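Please have the picture open while I talk.

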Amino acid sequence: MTDLATRVWNHRWKIDPIVRSLIDTDFYKLLMCQSVFRNKPDTQVTFSLINRSKHVPLAKLIDEGELREQLDHVRSLSLTRGESTWMRGNTFYGKRQMFRPDFMEWFENLRLPAYHLERVGDQYELTFEGSWPEVMLWEIPALAILMELRGRAILDEMGKFELQVLYARAMTKIWEKITALKEIDGLRIADFGTRRRHSHLWQDWCVQAMIEGLGDKFTGTSNCLIAKRRDLEAVGTNAHELPMVYSALAEGDAALARAPYDVLADWHEEHSGNLRIILPDTYGTAGFLERAPDWLAGWTGIRIDSGDPATGAETAINWWKSRGEDPREKLVIFSDGLDVDKIRELHSQFSGRVRVSFGWGTLLTNDFRGLVDGDALAPFSLVCKAVAADGQPTVKLSDNPEKAMGPEGEITRYKRVFGVGEQDRQAVVV
């Protein structure tokens, strides 16, 4: 097994670029990319870095030259023959040839487009502009690079023995979490931690620990490169990006109201089974489900990613019942800010009422809280979102207004169109 402390001590080795492959990304990005490639290939989209945790001065911590070096390295990457073979020939969600030949031919020839980087005060402005299928693939690498460079800035001040103790303590912390989760009967949990991981090597270590500690209770990883390397199931479905861009392209309020369902209609044509998972909270879960067409009630399940998770699950259960569906046959994936106590609580509350699953993210792959002075390695909330499509701003409302984004006037309009009233504010941890 990799000696993490030694590798970190010598992290400037060329063997350790932060992003080492175009498939060092989340599986849902590739699934969405194929859908966009098929349905909206010419849409021009802008992605932008958003640091919700303003107390973390990224531009003071991270050298601009190092950041550019890592971003430029990603632009040099292309799909390898082995990676292409894995995507073309592997079975995902029980389906062979998930990725179509025309998409694969395009992906095999892809180099990520240029970026724009500028320092503004203590933060960086990092944006990507171009055709949607190309620029969307910057999101995960960009986040991984910023998160790891911030961590390296802290680790640079530490000696080798200090690093060894740090990683020993972090490993112990994760193993204690895994040991606690092992006691939950019927648990199903996956790694969703790529975007805000401490590092690639650390995510890989956490996944190996989950394999050994949880056995069949561990259902896979969202990281395609690690899934390939460790012979695991690559897991993931879709994200807020799709309804945000479709909605920005809508002309008029009526088209805007239909846009989130148009997205899923396109998805319905391409996928079946466990890939038919609704992410309902982009413009408010309750209103989305209330206005949803009946065919959506037949989908496999729902992912809950903002607001109070128990409230979201209860809303979904009541909706399925109102549409004549048996909630016990439906899958509910919890994926927002999870840690052991919350996982245990939600599993106890909903097991037997629905099929419960968890996507464990930042507090699996980046929980160094309390391990260094000043809590300088604590995870923070960094996102990279589509902020415009064909010149129109995107909007996200969420079930937690702290996660809302977009111009104030457009947020007001979207709230009106989607019937979103008062919402409970919850602190955004990660």
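Predicted model: local features only at pLDDT ≥ 70, side-chain atom pairs only at ≥ 80, totals over all residues.

Let me begin with Ser398, which sits in the loop between E13 and helix H19 (408-418), where helices (H or I, at least four residues) and strands (E, at least two) are DSSP runs numbered from the N terminus. Residues are numbered from 1 along each chain as its sequence is written, and side-chain values use heavy atoms, with hydrogens and water left out.

Back to Ser398: its phi is near 70°, a positive value in a residue other than glycine. Is Ser398 buried or exposed? Ser398 counts as buried, because its relative accessibility is 0%, and here buried means under 20% relative accessible area, exposed over 50%, and partly exposed in between, with a 1.4 Å probe and protein chains only. Tyr93 also has a positive phi, of about 50°, although it is not a glycine, and this residue lies in the loop between strand E2 (91-92) and strand E3 (95-96). With a relative accessibility of 26%, Tyr93 counts as partly exposed.

Now to the cysteines. How many disulfides does the structure hold? The structure holds zero disulfides, a disulfide being a pair of cysteine sulfur atoms within 2.5 Å. Cys384 is in no disulfide either, since the nearest cysteine sulfur, that of Cys33, is 14 Å away. Both residues are buried, Cys206 with a relative accessible area of 0% and Cys384 at 1% relative accessibility.

Next, consider helix H2 (residues 27-39), whose axis comes within 11 Å of that of helix H12 (residues 241-249), the two crossing at roughly 25°. These axes are lines fitted to C-alpha atoms, for helices over the stretch in contact, and the angles run from 0 to 180 degrees between N-to-C directions. H2 and H12 are therefore roughly parallel to each other, given that angles under 35 degrees count as roughly parallel, over 145 as roughly antiparallel, 65 to 115 as roughly perpendicular and the rest as oblique. On the H2 side, Lys29, Met32, Val36 and Asn39 meet Glu241, Leu242 and Tyr246 in H12, where contact means heavy atoms within 4.5 Å. The residues of this contact divide into four nonpolar, one polar and two charged; Ala, Val, Leu, Ile, Met, Phe, Trp, Tyr, Cys and Pro count as nonpolar, Asp, Glu, Lys and Arg as charged, and the others, Gly among them, as polar.

H2 has another contact to look at, with helix H6 (residues 101-108): their axes come within 10 Å and cross at roughly 105°, which makes H2 roughly perpendicular to H6. Here Leu30, Cys33, Gln34 and Phe37 in H2 meet Asp102, Phe103, Trp106 and Phe107 in H6, and by class this contact has six nonpolar, one polar and one charged residues.

Let us turn to the sheets. Five strands form an open sheet with antiparallel pairing, in the order E4-E5-E1-E12-E13, and two strands pair if DSSP finds at least two bridges between them. Strand E4 (115-120) and strand E13 (392-393) stand at the edges with a single partner strand each, so one side of each is left without a neighbour in the sheet. Two bridges join strand E12 (residues 382-389) to E13, and Ala388 stands opposite Pro393 in E13. H12 packs on this sheet as well, touching strand E1 (44-51), E12 and E13, with a direction that makes about 25° with that of E12.

A further open sheet holds six strands with parallel pairing, in the order E7-E6-E11-E10-E9-E8. Which strands stand at its edges? Strand E7 (218-221) and strand E8 (277-278) do, each with a single partner strand, so one side of each has no neighbour in the sheet. E8 and strand E9 (residues 301-304) pair in the parallel sense over two bridges, with Ile278 opposite Ile302 in E9.
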